[in-house]
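User: I would like to go through this model in short questions and answers. Please give cut-offs as we go.

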Amino acid sequence: MDFEPAIAFVDDDDDLRNATRQTLELAGFNVTPFTDAMSALRFLTPDFPGVVVTDVRMPQMDGFELFRRLRAVDPDLPVILITGHGDIEMAVEAMHQGAYDFIAKPYAADRLVQSIGRAAEKRRLVIENRQLRLALESSDETLPLIGQTPVMQNLRKTLRHVANADVDVLIAGETGTGKDVAAGLLHEWSRRKHGNFVALNCGALPDTVIESELFGHEAGAFTGAQKKRVGRIEFASGGTLFLDEIESMPLATQVKLLRVLETREVTPLGMNEHRPVDLRVVAAAKVDLGSPEQRPNFREDLFYRLNVVTVSIPPLRERKDDIPLLFTHFLHRAAARFKSEPPEMTAALRSRLMDHDWPGNVRELAHFAERMALGLQDLTDAKVSQPTNPMSLPENMELYEAKLIREALSANHGDVRSTIETLGIPRKTFYDKLQRHGIDRTDYVRSKSDA
């Protein structure tokens, strides 16, 4: 989700307003200046994608009143107050009421830029969380294949088109991409939806059992067959038979399945009678069955018989823009199940989501969301992301330093003076490190009495 931070700068001093505008634009911000609070108030909306910076001392409506009115419209909109020496007490009170920061005149340009940068990042996360919630609310609850990327939109379109064609379908995709979900949708969106959806994982059954499961058997057909059993193929007649991990099916069973696909008849073990079946087969494979190297034990004729239509599901690493939306869906679902409050998207969480390759795909992401909902996932745990390239010593030191700063801020409830004493570093060094590590001190403030 794109986010270009915007800055609304309010000050009735023409020279200061123009100079500050130039400074912020040089820092890469998109600045909209206002000469008075009422003009800014008419311009700003609840979804304003940025930060408000306002002088306190202004005619008609001062900056503190502007802050109070903006907070009534959007409590999450960051407001930074520019104060003279006599306004500091008022600014501290504003901080207690939720103002993001106050900066006393005269101030260094870097101090303002850094504060705006942290506030803009916080605003980006707020806007992103809102967009994710809206996207989930507007998505079809019966549509598990969540995603807004073009590849997922095309996938859903293809599945809907193929569903009523009533042809056999081969679904290709890595482990955890949702091949079973796609198969279920093919059934639900077809004229067969009132019939049975019968699933069989070919890789989960031993060779001695799979034929009995598929074709059924008569009583006494083999040792242990005490009762007649209807096979999965016959039970799926009028509906859909889903064969997962079909690449694992034994060769002898492949021959019999090929005959069923060609004749649409099934012969249970232990009898000679052929029973007609109204069958649609959806098969799934986690390897490329079109490649002889990847299917050394899979019959070529069965592959071509199944390959009437092939649907490919992309791995999560190839559609990373869908990850925040998917994660939010799984997180809210898990939180509802565990009766817990889902955590908000933070910079650290978003970084973990987007930097990880997710070799287990959607399934791995869903399990990660469950751990987050339970409060069991530590984002500082490097083992979770399983990086393919180990971090260097300086990179590890950077992570450790950021961890120590966060712990000190948490222990001191965001109080700058106490945190600096705990860490034993100068104030300027402290602020430099906050900026480098992307740490927002206000996230740790309980009683905002320190600036």
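Analyst: Buried means under 20% relative accessible area, exposed means over 50%, and partly exposed lies in between (1.4 Å probe, protein chains only). This is a predicted model: local features need pLDDT of at least 70, side-chain atom pairs count only at pLDDT 80 or more, and totals for chains, interfaces and linings use all residues. Residues are numbered from 1 along each chain as its sequence is written, and side-chain values use heavy atoms, with hydrogens and water left out.

User: What percentage of the residues of the chain count as buried?

Analyst: The chain has 451 residues. Its accessible surface comes to about 22,700 Å², with 51% belonging to carbon and sulfur atoms. Such areas come from the Shrake-Rupley method with a 1.4 Å probe; for residues, only the protein chains shown count as cover. The buried share of the residues is 46%.

User: How many helices and strands are there in the chain?

Analyst: Both are DSSP runs, numbered from the N terminus: helices are H or I with at least four residues, strands are E with at least two. By that count the chain has 18 helices and 14 strands.

User: Among contacts between residues at least 6 apart in sequence, what percentage join residues at least 24 apart?

Analyst: Contact means heavy atoms within 4.5 Å. Among contacts between residues at least 6 apart, the share joining residues at least 24 apart is 69%.

User: In what order do the 5 strands of the open sheet stand?

Analyst: Two strands pair if DSSP finds at least two bridges between them. In this sheet the pairing is parallel, and the order is β7-β10-β13-β6-β14.

User: Why is one side of β7 and of β14 left without a neighbour in the sheet?

Analyst: β7 (197–201) and β14 (309–312) each have a single partner strand, so one side of each has no neighbour in the sheet. Neighbouring strands here are turned by 20° against each other on average, direction ignored. Axes are lines fitted to C-alpha atoms, for helices over the stretch in contact, and angles run from 0 to 180 degrees between N-to-C directions. The reason lies in where β7 and β14 stand: at the edges.

User: Which residue in β13 does L243 stand opposite?

Analyst: β10 (residues 240–244) pairs with β13 (residues 280–285) in the parallel sense, over 4 bridges. L243 also has contacts beyond four places in sequence, including L200, L214, M249 and L257. Its opposite residue in β13 is A283.

User: At what angle does α7 run to β6?

Analyst: α7 (residues 179–188) lies across β6 (169–172), β7, β10 and β13. Of its 10 residues, 7 are buried, among them K179, G184 and H187. The cover includes α6 (150–163) as well as β6, β7, β10 and β13. The angle of α7 to β6 is about 155°.

User: Which hand does the crossover from β3 to β4 have?

Analyst: β3 (residues 50–55) has 6 of its 6 residues buried. It joins β4 (residues 79–83) by 4 bridges in parallel, with D55 partnered by I82. A crossover is right-handed if, with the strands pointing away from the viewer, the path from the first strand over the helix to the second runs clockwise. The path here goes through α3 (residues 63–73), and the β-α-β crossover is right-handed.

User: Which residue of β3 stands opposite A8?

Analyst: β1 (residues 6–10) pairs with β3 in the parallel sense over 5 bridges. The residue opposite A8 is V52.

User: Which two residues does the cis peptide bond join?

Analyst: Most peptide bonds are trans. Here omega is about -10°. P106 is in the loop between β5 (101–104) and α5 (109–138). The bond joins K105 and P106.

User: What is the phi of E245?

Analyst: Most residues other than glycine have a negative phi. E245 lies in the loop between β10 and α10 and is partly exposed, with a relative accessible area of 23%. Its phi is positive, about 50°.
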